[in-house]
Amino acid sequence: MIEVTVYSRSNCHLCEVALEVISEIRNEFEFTITKILIDGNAELEEKYGEQVPVILINNQPHDFFRVDPERFRLAISKL
């Protein structure tokens, strides 16, 4: 199973948009989505800071800030 992880912050508009795009693409491909809030986690805040949303596919960095739907589809289709 393909796993998509989204590191996010509370009240993050870009994070919400990224999750919407990824959720729509999930209608085309089988994968799970895990959302992890970095708020209050010093280690994750240091690692990802202001780059959220950070998107990982099978624990490998894919994108940050925005999700390009075609690039995301291509990455998922290769797995």
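Predicted model: local features only at pLDDT ≥ 70, side-chain atom pairs only at ≥ 80, totals over all residues.
Residues are numbered from 1 along each chain as its sequence is written, and side-chain values use heavy atoms, with hydrogens and water left out.

Let's start with the charged side chains. The structure holds six salt bridges, each being a side-chain nitrogen of Lys or Arg within 4 Å of a carboxyl oxygen of Asp or Glu. In one of them, Arg-9 pairs with Asp-39 at 3.5 Å, N to O. This pair joins distant parts of the chain, 30 residues apart: Arg-9 lies in the loop between β1 (2-8) and α1 (13-25), and Asp-39 in the loop between β2 (31-37) and α2 (42-48). Helices (H or I, at least four residues) and strands (E, at least two) are DSSP runs, numbered from the N terminus.

Arg-9 also meets Glu-45 in a salt bridge, at 3.7 Å, N to O. Here too the link spans distant parts of the chain, since Glu-45 sits in helix α2, 36 residues from Arg-9. Asp-39 is partly exposed at 32% relative accessibility, and Glu-45 is partly exposed at 29%. On this scale, buried means under 20% relative accessible area, exposed over 50%, and partly exposed in between (1.4 Å probe, protein chains only). Together with Glu-50, the residues Arg-9, Asp-39 and Glu-45 are linked in a network of salt bridges.

Now look at helix α3 (residues 69-77). Arg-73 and Glu-70 form a salt bridge there at 3.0 Å, N to O. The two are three residues apart in the helix, so about one helical turn separates them. Arg-73 is partly exposed at 21%, whereas Glu-70 is exposed at 55%.

Next, the nonpolar side chains. In soluble globular proteins, nonpolar side chains tend to be buried together. A nonpolar core is a set of buried Ala, Val, Leu, Ile, Met, Phe, Trp, Tyr and Cys residues joined through side-chain atoms within 4.5 Å. The largest one has 14 residues, and among those touching the most other members are Val-4, Ile-22, Phe-31 and Phe-72. Two or more residues come from each of β1, α1, β3 (54-57) and α3, with α1 giving the most, five residues.

Beyond its neighbours within four places in sequence, Ile-22 is in contact (heavy atoms within 4.5 Å) with residues including Val-4, Ile-33, Ile-55 and Val-67. A second, separate core of nine residues includes Cys-12, Cys-15, Val-52 and Leu-56.
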